[in-house]
Amino acid sequence: MNIVILSRNEHLYSTGRLIEEGENRGHQVEVIDPLKCDLIIEKEKPTIYYKDRYLDYVDAIIPRIGTSVTFFGCAVVRQFEMMNVFTSVTSDAIIRSRDKLRSFQRLSKAGIGMPKTVFTNYSRDIEKVLDHVGGAPVIIKLLEGTQGLGVVLAETKNAAESVLEAFNGLQARALVQEYIAEAKGADLRALVVDGHVVGAMKRQGKEGEFRSNLHRGGSAEIIKLNETEIKVAMNAARALKLPVCGVDMLQSARGPLLLEVNSTPGLEGIEKATGKNIARSIITYIERNRR
């Protein structure tokens, strides 16, 4: 097959691993910067022009679309879909997952446990908002954020009021979320491919840090998920229609609570922590479904 990885940087670990595994299985793999694509919209003949050629030979794509380029990146994925090219993750699924509020609403309807969460339209009654999630401390998250950016722990009512007032002043929409103390700055990341958990790790935030993101100095180790945690991960992927995704959960006194579903999960942390060949799982998923 001719496989295209939509990525702005071919030297990233995840992109490099997908190239390696694709070529190991006999495929032609090419990295294309989605921001350099021209979308030609014509009756019954949608095409994409990239540098000096039309991309009319592509069999499958793997979107590695960063949050900052979601709009145009998903437009490129959608154009490939119109050209009947198989994609490991659809444009609609990426957009759904990037909208934290929308994804939480869908996950809630699917019966998936998560920390109590409140979204309000710049409410001035901040005390009532805090009451809804059990009071301070609380987690405040921007609707659009990644790698732990835009996530704040407000330990007191006054701190929460200050953060929300600042976000409101910037017209930055945010979620207020229950703080799960017993998680102790750790979370679980399950990597789902084609409806199955193919790897899982426990991430621990560095000393004094409530965020466990590896980009923020956290550490990771392999973990064996229990049946409930596996079920949450698989149900979350199904609810958001994401064949390939990373599902983040907290271990709480009332069972696993879903934090976030990432439609473009990084492979470096989980491959190194687990020793699993996640990149190959993604390539073989494409092979099965492209046929």
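Helix 2 (residues 70-82) and helix 3 (residues 91-98) pack at about 155°, and their axes sit 8 Å apart; helices here are DSSP runs of H or I with at least four residues, numbered from the N terminus. The axes are lines fitted to C-alpha atoms over the stretch in contact, with angles running from 0 to 180 degrees between N-to-C directions. So helix 2 is roughly antiparallel to helix 3, a label for angles over 145 degrees. This is a predicted model: local features need pLDDT of at least 70 and side-chain atom pairs 80 or more, while totals for chains, interfaces and linings use all residues. Residues are numbered from 1 along each chain as its sequence is written, and side-chain values use heavy atoms, leaving out hydrogens and water.

Who meets whom? From helix 2 come Thr70, Cys74, Val77, Arg78 and Glu81, and from helix 3 come Ser91, Ile94, Ile95 and Arg98, with contact taken as heavy atoms within 4.5 Å.

Over in helix 1 (residues 13-24) is Ser14. Ser14 counts as buried because its relative accessibility is 8%, and buried means under 20% relative accessible area (1.4 Å probe, protein chains only). Leaving aside residues up to four places away in sequence, Ser14 touches Arg64, Gly266, Leu267 and Glu268. A polar atom of the Ser14 side chain lies 2.9 Å from the backbone nitrogen of Leu267.

Zooming out, the chain splits into domain 1 (2-88), domain 2 (117-179) and domain 3 (182-281), with bounds from an automatic or database domain assignment. The C-alpha centres of domain 1 and domain 3 are 26 Å apart, and 10 residues of domain 1 are in contact with 12 residues of domain 3.

How values were computed. Helix = DSSP H or I, 4+ residues; strand = E, 2+ residues; numbered from the N terminus. Buried < 20%, exposed > 50% of the residue type's maximum accessible area, 1.4 Å probe, protein only. Polar contact = N/O pair within 3.5 Å; in protein donor to acceptor, adjacent residues only side chain to side chain. Parallel < 35°, antiparallel > 145°, perpendicular 65-115°, else oblique.
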